[in-house]
Structure formats: structure tokens, C-alpha cells
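Subject: Structure handover

Hello,

Here is the structure we talked about handing over. Please open it alongside this note. The findings follow below.

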Amino acid sequence: MQTSEPNYEVPVLAITHWTKELFSFSLRRPKSFRFSAGEFVMLGLNTGEGHQILRAYSMASPTWSDALLFYSINIKNGPLTSRLSKIKPSDGVILKRKSTGTLILDALRPGKRLFLFSTGTGFAPFASIIREPETYQKFDKIIVTHTCREIPDLAFSQMVLSQREHDGLLSKSDIASLEYYPTVTRDKPTNDIKLGRITDLILTEKFFKDLNIENLFSASDRVMLCGSQSFNRQMKDILIKRGFLEGSINAPGDFVLEKAFVGG
Ligand code: A2P
């Protein structure tokens, strides 16, 4: 339903193509546009026939930034993503006024370790969360995983991880308290990039051995999931078997999840 306030139309600042199918773009953030790290917004383009195509996109930038960063897949002939992949600086993008979503810190009970598990473009909300100082105030240790098919698909998350160190907002100990665990399923692993689906690496416990950390423990660990439907389902199952309770904004819990938005 249309809200009474009109949507924003904001200029593109930059676009980066990471692979043939993955790109990110930044928009100038309207001063009145506020969001919580991990949320998404509807955005899109005017198609020229008086129509707009809008899809859900997670903000991949921190809340303090003047630019809004988004991470997208380019679906061949997808009505929006194939058009968005061709935008250029100063083109206009339509942005709804209100953001929403469940992958926010307030939907989790207090805890010691925060696990952020993602596949594909599901990394986007975590790109925001790991650059927020509040995340490091709330948790002693943060572990972010990203599973993709091939090594080049990890380029965006690798960039965000290094950007985090140059933001100047996190202390040395904050920076050291995060572990990044990238994995690929259809490529050769390296020393830093492991082989396999994160679900399997959890079940075999290789994930915990690689990082030299304790297994998941519902009393003090909190978890966010963002990936494909089957990934979310399988991870949820793993967590529920370990006694984790799903949370929401109204009833904070031990884990929250959101499907990565990739349609169209
Ligand atoms: P796989 O290559 O074994 O399918 P996609 O590109 O299809 O969105 O997938 C992104 C990554 O997520 C791929 O590495 C894929 O592994 C992995 N993946 C897909 N489904 C699941 C699942 N149910 N559990 C864990 N990882 C998954």
C-alpha cells in the first residue's frame, strides 16, 4: 500500500561489479532516512512506463555513513536486477521511506558471542552490523561466516572486512574480536578460505576446530542467519536442536533469520 509520503529518488554515487553476477552500488543517503543495522528497504527504478519495480534490499553500510551501500545479484533478464546492474553515477534510484527487518541486535537477548552465518548476498546485512560500534559493545566475540560457490564471489565480503579496519570507529581490540570465516563449495580452498557448506562444517565440528572456539551454546551465544531458504531452514534446525529460541523485535531471543533477497 502506498504511504502518504512520496518515495525518495536518490542519486547513485558509485557502482562496483565484483563478478559477472555480483555487484554493489551506493546511493546518497537522504538526511531523514534512518535505519537500524541489519534492516532492509524497498528500492528500485522507474521503468519509464509510469511503473516502478521495487525489491527488498538490505543496507550493507553502517548507520553512521552518508552513503547507503547495497549488494546485489544480477539475474539475467531479471526485471529489476538486470536494470540495476547498469546504473551509473548520478542516475536516480527510488527508495521507500521506511526500513524494516528482524536481523537487528535488539531482537536478540544479551549474550557473549555473536555468530553471523550467511550465504551469497545474505552477507549484506552483516556488512552493516560488523561496522557498527554498538555490535562490539554488546558482544565479546563476533564470528561472521560467508559461504559462496567460488572464491571471486567472496570479493565483496573481503572488501567490507578490510574497510572495517579503516573506518576509524573501532578500537584495536574491537577489530581483533571479530573472526571472518569464508568458505567456498565449488572452488579450491586456500589457507584462509575453507571448503564446504557452513552447515556441514558445523555438523562435523571442523568450523569450531578451525577457529579454536567452543561449540554453539544457547545460554551465551546469539545467532543471525541470512541466506537461501534451504540454508536458513537447515541452520534453524541445527540451532533448535541445540536449544536456541527464535527471537523477534517484540520478543528477543537467541537467534533471528531473514531470507537473502535475490528475486528478480
Ligand atoms: P552449494 O554450491 O553446495 O549449493 P547460491 O549461489 O546457490 O545462492 O548458493 C550460495 C552458497 O550457499 C553456495 O556455496 C551453496 O553451496 C551454499 N548453500 C546453498 N544451500 C545451502 C544449504 N542448505 N546449506 C548450506 N549452504 C548452502
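In β8, Phe117 has Thr145 as its bridge partner. Phe117 also has a bridge partner in β11, namely Leu225. Helices (H or I, at least four residues) and strands (E, at least two) are DSSP runs, numbered from the N terminus.

Some ground rules. This is a predicted model: local features need pLDDT of at least 70, side-chain atom pairs count only at pLDDT 80 or more, and totals for chains, interfaces and linings use all residues. Residues are numbered from 1 along each chain as its sequence is written, and side-chain values use heavy atoms, with hydrogens and water left out.

The sheet

β7 and β8 run parallel and are joined by 7 bridges. On β11 (residues 221-227), β7 (residues 113-119) has a parallel partner too, over 6 bridges. Two strands pair if DSSP finds at least two bridges between them. The whole sheet is open, has 6 strands and pairs in parallel, in the order β10-β9-β8-β7-β11-β12. Its edge strands, β10 (194-195) and β12 (255-259), each pair on one side only.

Helices pack on this sheet. Helix α4 (residues 155-166) touches β8 and β9, and its direction makes about 165 degrees with that of β9. α8 lies across β7, β11 and β12, at about 160 degrees to β11. Axes are lines fitted to C-alpha atoms, for helices over the stretch in contact (heavy atoms within 4.5 Å). Angles run from 0 to 180 degrees between N-to-C directions.

How much of β7 is buried? 7 of the 7 residues are, so β7 is largely enclosed by the rest of the structure. Buried means under 20% relative accessible area, exposed over 50%, and partly exposed in between (1.4 Å probe, protein chains only). Both faces of β7 are covered. Arg113, Phe115, Phe117 and Thr119 are buried on one side, and Leu114, Leu116 and Ser118 on the other.

Cys148

Cys148 lies in strand β8. Is Cys148 buried or exposed? Cys148 is buried, at a relative accessible area of 7%. Setting aside neighbours within four places in sequence, Cys148 is in contact with Gly120, Asp153, Leu154, Thr183, Val184 and Thr185. Val184 is 36 residues from Cys148 in sequence, yet the C-alpha to C-alpha distance is 5.0 Å.

The largest pocket has a volume of about 770 Å³. It is lined by 29 residues, and the closest to its centre are Thr119, Gly120, Thr147, Cys148 and Arg149. β5 (67-73), β8 (141-148), α6 (198-203) and α8 (229-241) are the elements that give two or more residues to this lining. The largest share, 4 residues, comes from α8. By type, the lining divides into 8 nonpolar, 14 polar and 7 charged.

The method, for your own comparison: the search uses a 1 Å grid over the protein atoms alone. A pocket is an open set of points with protein on both sides within 12 Å along at least five of seven lines, where a 1.4 Å probe fits. Lining residues have an atom within 4 Å of a point. Grid points are joined across faces, edges and corners, and a volume is the space filled by probe spheres set on the points. Ala, Val, Leu, Ile, Met, Phe, Trp, Tyr, Cys and Pro count as nonpolar, Asp, Glu, Lys and Arg as charged, and the others, Gly among them, as polar.

The second largest pocket holds about 160 Å³ of space. Its lining includes Gln158, Tyr180, Tyr181, Asn191, Lys194 and Asp210. β9 (178-184) and α7 (206-211) are the elements that give two or more residues. β9 gives the largest share, 3 residues. This lining divides into 5 nonpolar, 2 polar and 3 charged.

Most residues other than glycine have a negative phi. Glu205, not a glycine, has a positive phi of about 70 degrees. Glu205 sits in the loop between α6 and α7 and is partly exposed, at a relative accessible area of 37%. Asn212 also has a positive phi, about 55 degrees, without being a glycine. Asn212 is in the loop between α7 and β11 and is exposed, at 71%.

Best regards
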